[in-house]
Amino acid sequence: MPSALVDRFRRDIAPRLLERFANGGTVAVARSTTPGAGPLDPPVVSETSSPFNASVRGVSASILTADANLVATDLQAICAAIDYVPAVGGMVEINGSVRAIVRVDAIPAAGDPAAYRFFLR
């Protein structure tokens, strides 16, 4: 029973809610580095970006007091698991400003996630 509820949330509810309440301008930025042609040539860094629906806001005071690694200027984003799988150290562009992912929480915490909550600096 609980897995059926999580599956329904993952497939139907989470994407629909995030499409309705998402803030525009959220883009995942992936950077890849390829070595230069010769040993003395500098590496070539290329970026690819893909938009995804996310709700972005500031971090609440209760979360700030619970996690000493977060600061008041960090942002919190929630996205559906099917659009983007965030990882610590990844980059996200929000309205032209690139921010680094510093913490990722899966929702629900156990089993296959239906959504992700991650924090950006």
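**The salt-bridge network**

Mentor: R117 has a relative accessible area of 25% and is therefore partly exposed, a class between buried (under 20%) and exposed (over 50%), with a 1.4 Å probe and protein chains only. This is a predicted model, in which local features need pLDDT of at least 70 and side-chain atom pairs count only at pLDDT 80 or more, while totals for chains, interfaces and linings use all residues. Residues are numbered from 1 along each chain as its sequence is written, and side-chain values use heavy atoms, leaving out hydrogens and water. The pLDDT is the predictor's confidence in each residue, from 0 to 100; its mean over the chain is 79.

R117 pairs with D105 in a salt bridge (a side-chain nitrogen of Lys or Arg within 4 Å of a carboxyl oxygen of Asp or Glu), with the closest N and O atoms 3.2 Å apart. Because R117 lies in strand 7 and D105 in strand 6, the pair ties together parts twelve residues apart in sequence; strands are DSSP runs of E, at least two residues, and helices runs of H or I, at least four, numbered from the N terminus. D105 is buried, at 17%.

The network of salt bridges links D67, R103, D105 and R117. Within it, R103 meets D67 at 2.8 Å, N to O. R103 belongs to strand 6 and D67 to the loop between helix 2 and strand 4, so this contact joins parts 36 residues apart in sequence. R103 is partly exposed at 24% relative accessibility, whereas D67 is buried at 14%.
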